[in-house]
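Could you walk me through this protein chain with a few questions and answers? I would like the cut-offs stated as we go.

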Amino acid sequence: MSSLTEKDKPIVQLLLNTGTCPRCIFRFCRVGSQTLYRHPYKDLTEFLKNNQQQEDAAGFGVVDPPCKRIRLEHTEEVPDDLNQNGVLKHVPLVNDDSAAVENSTVEVCNVCLGILQEFCEADFVKRVCEKVKSADYQFTSFVFSVSLPPQLSVRERAAWLLVKQEMGKLGLSLAKDDIVQLKEAYKWIIHPQLSEELGVPADGKSLFEVSVVFAHPETDEECRFLMAVMKALEKIKEEDFLKHFPCPPSSPKNLCVALEIQCNNGAVFVAGRYNKYSRNLPQTPWIIDGERKLESSVEELISEHLMAEFKADSFNFSSSGREDVDVRTLGNGRPFAIELVNPRRIHFTAEEMKELQQTINNSSDKIRVRDLQLVTREAIGRMKEGEEEKTKTYSALVWTDKAIQKEDIAFLDDIKELKLDQKTPLRVLHRRPLAVRCRIIHTMKSEYIDEHHFRLHLKTQAGTYIKEFVHGDFGRTKPNIGSLLNRTADILELDVEVIVDWARNRCD
């Protein structure tokens, strides 16, 4: 099965005698063969038992007789893997009344608390896979993670100190880092089984995660003396550790329990552009002091369909800028992205994305979506990069208190690269820091309507507060249309045509 060296023999004898399972013994013997750990538990038990009983054990590679302190019992019957209660049956290792376990069950390992015993067996693997399959996820690979109770770290340290002391008597040493980590050994065993049962490979970079959380209530009290177990174990002196914790660790009566078996898919990102045609629709839910002001939003009209199709738990909406509730978004639309958290479905063809886009557009006349597509996380970053340096165009309906003629506004068409100083507007001061921002109006074109109204088309630096540029915001934006015309001006309607260099095929 595998070769253990002469120097491993005292470790095997010592740990067998103190109630340690075969796989943990291999870990302390620094066995790095993944194949060895995958052998059935009963075979590993027999392997160690036979090698202890035989003077010339081929797997052990030694000729010395077994240690006199250990008397192994011969059993003719090879037990089954599991009894009817799902617990591993007992394979007697030591001829000692104190080592007997009630109900003929395998003695729970005093180091791993059963993690490398029952929880490596086919029944538990099937239980995990049933949970995965019932969750109805789409995935082509998986990554497996395991959360272990903190008392395992304490017990492993106690076992290491015991082995270290014994090896010191023989002039040998064993560093803590030399021991094969429990999580690593567990994954060596369970990865092939999960992969075979699920029909997909294990991949450390997979976005689909299967996780198991273990606990061991019986020994929870063991960690009370350590506030932060991992940090404390790094700093505590060996003699102080031994004052608080038995060495070797005591043998528990019960196995660990799997508190949770969870599945989680990595986030999927969907992006596109939206037009907003309503002057009574916020970009995101408008809720003040817990009260909803309007029944829907751009975010909700889009996301509800994506959530349903991707079967996601939640979502995060982002966009390149935002418009006020009473502002329409026209032109080629505002770029947006939605992060779908823990989606069950992740594979969509281009045709299916077109159908989903059409479903969204058919559901409301307040918005329209285009260029809907799956993108990467990196593409979302590109959408936000340089947002303030982009150029946008607007159309504003302006009112003046004094009568105007066409020639009174004609000079606006000749103004180029007008620099503004905009102090944070009063209307957004509750959510934006107070600052003076320099913005540029690249061009303007006026369209006379009547003595008190004209339409102003503007091309501006992104981030320019257009409403404030028109009415001045009590002098907080300088110059403004009112000061340029030498009269009071206000804005009645505003439309935005978003021009951002972030389009289809740039974010694939």
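This is a predicted model: local features need pLDDT of at least 70, side-chain atom pairs count only at pLDDT 80 or more; totals for chains, interfaces and linings use all residues.

Residues are numbered from 1 along each chain as its sequence is written, and side-chain values use heavy atoms, with hydrogens and water left out.

Q: How many helices and strands are there in the protein chain?
A: Helices (H or I, at least four residues) and strands (E, at least two) are DSSP runs, numbered from the N terminus. On that basis the protein chain has 15 helices and 15 strands.

Q: What percentage of the residues in the protein chain is buried?
A: Buried means under 20% relative accessible area, exposed over 50%, and partly exposed in between (1.4 Å probe, protein chains only). Of the 508 residues in the protein chain, the buried share is 49%.

Q: Is Arg-155 buried or exposed?
A: Arg-155 sits in helix α6. Its contacts (heavy atoms within 4.5 Å), leaving aside neighbours within four places in sequence, include Asn-110, Glu-222 and Phe-245. Because its relative accessibility is 0%, Arg-155 counts as buried.

Q: How much space lies in the largest pocket?
A: On a 1 Å grid over the protein atoms alone, a pocket is an open set of points where a 1.4 Å probe fits, with protein on both sides within 12 Å along at least five of seven lines; lining residues have an atom within 4 Å of a point. Grid points are joined across faces, edges and corners, and the volume is the space filled by probe spheres set on the points. For the largest pocket this comes to about 890 Å³.

Q: Which residues lining the largest pocket are the closest to its centre?
A: The lining divides into 14 nonpolar, 6 polar and 13 charged residues; Ala, Val, Leu, Ile, Met, Phe, Trp, Tyr, Cys and Pro count as nonpolar, Asp, Glu, Lys and Arg as charged, and the others, Gly among them, as polar. Of the 33 lining residues, the closest to the centre are Arg-322, Glu-323, Asp-324, Arg-427 and Arg-431.

Q: Which side chain joins that of Thr-424 in a polar contact of 2.8 Å?
A: Thr-424 lies in the loop between β11 (416–423) and β12, and counts as buried because its relative accessibility is 0%. A polar contact is a pair of N or O atoms within 3.5 Å; within protein, one must be able to donate a hydrogen and the other to accept it, and residues adjacent in sequence count only if both atoms are side-chain atoms. The Thr-424 side chain reaches the backbone oxygen of Pro-433 at 2.7 Å. At 2.8 Å, its side-chain partner is Arg-437.

Q: Is Phe-474 buried or exposed?
A: Phe-474 is found in the loop between α14 and β14 (477–478). From C-alpha to C-alpha, 9.5 Å separates Phe-474 from Pro-425, 49 residues away in sequence. Because its relative accessible area is 78%, Phe-474 is exposed.
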